[in-house]
Amino acid sequence: MENFAWLIPIFPLAGFLLIALLPKSLPKGFFGALAASTILGSFLLSAFLFLNNQGESQTIRLFDWIHSGNLQIPFSFLIDPLSLMMLLVVTGIGFLIHVYSIGYMIHDDRFQQFMSYLNLFVFFMLLLVMGDNYIVMFTGWEGVGLCSYLLIGFWFKNTDYNNAAKKAFIMNRIGDLGFILGIFLIWITFGSVNYADVFSSAEGFTKGNTTLFAITMLLFVGAMGKSAQIPLYTWLPDAMAGPTPVSALIHAATMVTAGIYMIARSNILYTLSPDTLNFILIIGMATALMAATIGLFQNDIKKVLAYSTVSQLGYMFIGLGAGAYTAGVFHLVTHAFFKALLFLGAGSVIHAMGGEQDIRKMGGLKGHIPVTYWTFLLATIAISGLPPFAGFFSKDEILAHVYTKSPILWGFGILGSMLTAFYMFRLLFLTFFGSFRGTKHQLEHLHESPLVMTAPLMVLAVLSVVGGFLNVPEVLGGGESLKHFLKPVFEASELRSFEPHISHTTEMMLMGLAVLLAGVSIFMAFTTYLTKKELPTDESEMSWFQRLVYNKYYVDEIYESMFVKPLHWLSGKTEKYVEKEIIDGAVEGSGTFTLTLSGLIRQLQTGHIGFYLIAMVLAIAFIFSMTVIF
């Protein structure tokens, strides 16, 4: 059956082509059904492969792709536990988002184009996770970058949305440069870009090898761009400018997970480069904390979730940096469940509010949109790390590994977890509880979303509740199923790394403390926004620190001053002095010189035969005299 795995990416590609080429006169529902059914086909095939996989890996060679000298790169797919896990996430969550999009975007004039873009996005993501070498991965990597540009700027008549799309595209190119250089260095070092060749050769290297350090750092630069880590994170919050289903797809199932996947796939390279792992751990921790603090003061429902995504990605990198690859992937999976649910739930809220996104103008929606409320509540509990919801198990596993590295870093991780619980329940209370703060017109038109939108919410809610049972730790009586399933992928790294273990008593104590502190945060949010009924402070009344955080530490402004404005100034001067004065001057000068010269020569063409005879005689005389002299 693995021989048919190539159909997994072909289904969405065929969907993209059919939807793009079929006449617009066909019903919109047909395009929606076609787009969703192709992703469903990919999911069913992925599920079949997953259920029948016994931990083995298989390479499916499709054709010779690049052949030049010693460089031979086939177009091949790798089916192993890690790629299967990612396939289920991408196609499963992708299918639900496709179904939801039918209801959310059906009234858009460019619905057909939107659904075709979604299919293309999923195709490139599948290519990224299925490739058996870095070049196929990079092809998918660039493809999702292109699709994100198309989808973030889908409503292109809005200048702000266009700017957000350009920002995402350009910032990712910065990271991509690092990724490309990393691939070049892999080729120079190992003579191959195939995973199997590279990883088997790398096992012969010593820990701390400088070449491996350079390779892993360059690859991580690519991951920082794609997975929105400091300093390349500012594009992701702006990316929520696109339609809400796009935000769900980018933030949960596709693009931002690419960096996590790439590092997990290259785990042996990173295990042999502990300095890079430490760097990843620090960047992940800084990103998680910084984004969590920003989330405390945001009032746009999608922006709160966007900074939450940046923060949770930081936790995934913390897990990878701690050498806990399974924990990082585990949090990727559970995060896909509850973050897709949160974004789609936010879309349902926005749909009910007639496009309003400011939570200060909401309130009291619980009774008007009950399905959205209950599912949103479950996702909020999951991301806050309360047992037995999905986020509790995956986040706790990351923090337990961090504790073995440093109790101080564990403390920072717990702080980020507390901030997460606070800003997520702040969002929940301000949106669904209290009295309605919108307009009378909005109140009269409040309504629950149609079944095509609420059904995906309910499925994701179930996954957000039970998803953590994929990898219940031994201390809670679990069998760590996901860890055993992924063991073939991470086995070489486990053999080369020494990880101190903590006792079950300590682990239980850490869990209890984490849950207690999350509960304290939720109680503080409850007291502030329900008991005291406080509303977010206007910027004019904020303290300097609140204003600093509310304005996202002015990072965008700093980038504007440090990079954008100097480049605009430099390009303006280059246009004025280099292009217009030198290049244009040289081009126009050569034209003027030619015209002048031709004008002078034209004076000799008088048409008088007598003049021509005299000139000929003088020329002959000149040549003859020269001959005599020399």
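User: In helix α6, what separates aspartate 176 and arginine 173?
Analyst: Helices here are DSSP runs of H or I with at least four residues, while strands are runs of E with at least two, and both are numbered from the N terminus. An α-helix has 3.6 residues a turn, so residues three or four places apart point the same way. Because aspartate 176 and arginine 173 are 3 residues apart in helix α6, the distance between them along the helix is about one helical turn.

User: What kind of model is this?
Analyst: Residues are numbered from 1 along each chain as its sequence is written, and side-chain values rest on heavy atoms, with hydrogens and water left out. Local features need pLDDT of at least 70 and side-chain atom pairs count only at pLDDT 80 or more, whereas totals for chains, interfaces and linings use all residues, since this is a predicted model.

User: What is the N to O distance at which the side chains of aspartate 176 and arginine 173 meet?
Analyst: The contact is a salt bridge, meaning that a side-chain nitrogen of Lys or Arg lies within 4 Å of a carboxyl oxygen of Asp or Glu. For aspartate 176 and arginine 173, the N to O distance is 2.5 Å.

User: Is aspartate 176 buried or exposed, and at what relative accessible area?
Analyst: A residue is called buried under 20% relative accessible area, exposed over 50%, and partly exposed in between, using a 1.4 Å probe and protein chains only. Arginine 173 counts as partly exposed at 23% relative accessibility. Aspartate 176, on the other hand, is buried, with a relative accessible area of 3%.

User: How many residues apart in sequence are the parts tied together by arginine 265 and aspartate 80?
Analyst: Arginine 265 is buried at 4% relative accessibility, and aspartate 80 is buried at 5%. These two residues form a salt bridge whose closest N and O atoms are 2.7 Å apart. Since arginine 265 belongs to helix α11 (residues 258-265) and aspartate 80 to the loop between β2 and α3 (81-105), the pair ties together parts whose separation in sequence is 185 residues.

User: In which helices do aspartate 238 and lysine 167 lie?
Analyst: Aspartate 238 forms a salt bridge with lysine 167, with 2.8 Å between the closest N and O atoms. The pair ties together parts that are 71 residues apart in sequence, because aspartate 238 and lysine 167 lie, respectively, in helix α9 (residues 235-238) and helix α6 (residues 159-190).

User: What is the centre to centre distance in the aromatic pair of phenylalanine 138 and phenylalanine 179?
Analyst: Rings of Phe, Tyr and Trp (its six-membered ring) pair if their centres lie within 6.5 Å, and planes under 30 degrees apart count as stacked, over 60 as edge-to-face and the rest as tilted. A search of the whole structure finds 33 aromatic pairs. In the pair of phenylalanine 138 and phenylalanine 179, the planes stand at 70°, which is edge-to-face, and the centre to centre distance is 5.4 Å.

User: Which helices hold phenylalanine 138 and phenylalanine 179?
Analyst: Phenylalanine 138 is buried at 16% relative accessibility, and phenylalanine 179 is buried at 0%. The pair ties together parts that are 41 residues apart in sequence, because these two residues lie, in that order, in helix α5 (residues 134-152) and helix α6.

User: In β2, which residue is the bridge partner of isoleucine 66?
Analyst: Strands β1 (residues 58-68) and β2 (residues 71-79) pair in the antiparallel sense over 9 bridges, where pairing requires that DSSP finds at least two bridges between two strands. The two strands form a hairpin with 2 residues between them, and glycine 69 in the turn has a positive phi of about 60°. The bridge partner of isoleucine 66 in β2 is isoleucine 73.

User: How far from the ring centre of phenylalanine 154 is arginine 110?
Analyst: A charge sits over a ring if NZ of Lys or CZ of Arg is within 6 Å of the ring centre and within 35 degrees of the ring normal. Lysine 395 has its charged end over the ring of tyrosine 315, 5.3 Å from the centre. Arginine 110 lies over the face of phenylalanine 154, and its distance from the ring centre is 4.2 Å.
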